[in-house]
Amino acid sequence: MFRRLTQIISLSVAVMFFGGCLAYTPVVGVAMTLVQGPITATTLDQSARTGQSCASSIMGLVSWGDASINAAKNAGQIKQVASVDFDTFNLLGMYGRFCTIVRGN
């Protein structure tokens, strides 16, 4: 029983560190990551609309979604981009989510 538990924990740790788990962030927590940050900004001051696109991952083995800037622009019906930010979440390497947030008009 102890040997099986050790194998499961070792596999989980390996997936966390080698799988990436959608953690594009300057800081990563081993148990949990919940970080928001900037990607880029333009000279456009106004940002009446917001669009978001996300990609998710389970254990770094299966990933799905479209977290592109273009998908976020389409979701918010944005023609002129004011800023692009990211929001990332990771829980024990088991579930990860990366979202791109676009603001503009």
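Predicted model: local features only at pLDDT ≥ 70, side-chain atom pairs only at ≥ 80, totals over all residues.
I'm calling a residue buried when its relative accessible area is under 20%, and partly exposed when it falls between that and 50%.

**Entry 1: D87 and its partner**

D87 went first. Its relative accessibility is 12%, under the 20% cut-off, so it goes down as buried. Next I looked for what its side chain meets, and found R97: the two form a salt bridge, 4.0 Å from N to O. I noted where each one sits: D87 is in strand β4 and R97 in strand β5, 10 residues apart, so the pair links distant parts of the chain. Is R97 buried or partly exposed? I get 24% relative accessibility for R97, so partly exposed.

**Entry 2: the other salt bridge**

How many salt bridges are there in the whole structure? My search turned up two. The other entry on my list joins the side chains of R103 and D85, at 2.7 Å from N to O. Again the link reaches between distant parts of the chain, with R103 in β5 and D85 in β4, 18 residues apart. R103 comes out at a relative accessible area of 28%, so I put it down as partly exposed. A reminder to myself: side chains of opposite charge can pair when their charged atoms come close.

**Entry 3: T88**

I then checked T88, which belongs to strand β4, residues 81-91. Its relative accessibility is 0%, so T88 is buried. What lies 3.4 Å from a polar atom of the T88 side chain? It's the backbone oxygen of R97.

**Entry 4: β4 against β5**

β4 and β5 (residues 95-104) run antiparallel, and 10 bridges join them. I also looked up L91: its bridge partner in β5 is Y95.

**Entry 5: the whole sheet**

Zooming out, I traced an open sheet of five strands in the order β1-β4-β5-β2-β3, paired antiparallel. Which strands are at the edges? They are β1 (32-41) and β3 (62-65), each pairing on one side only. From one strand to the next, the twist averages 15 degrees. Last, I checked what packs on this sheet, and helix α2, residues 69-76, does: it touches β2 (49-58), β4 and β5. The direction of α2 makes about 130 degrees with that of β2.

Note on methods:
Residues numbered from 1 in each chain as written. Heavy atoms only, no water. Helix = DSSP H or I, 4+ residues; strand = E, 2+ residues; numbered from the N terminus. Buried < 20%, exposed > 50% of the residue type's maximum accessible area, 1.4 Å probe, protein only. Polar contact = N/O pair within 3.5 Å; in protein donor to acceptor, adjacent residues only side chain to side chain. Pairing = 2+ DSSP bridges. Axes fitted to C-alpha atoms, helices over the stretch in contact; angles between N-to-C directions. Contact = heavy atoms within 4.5 Å.
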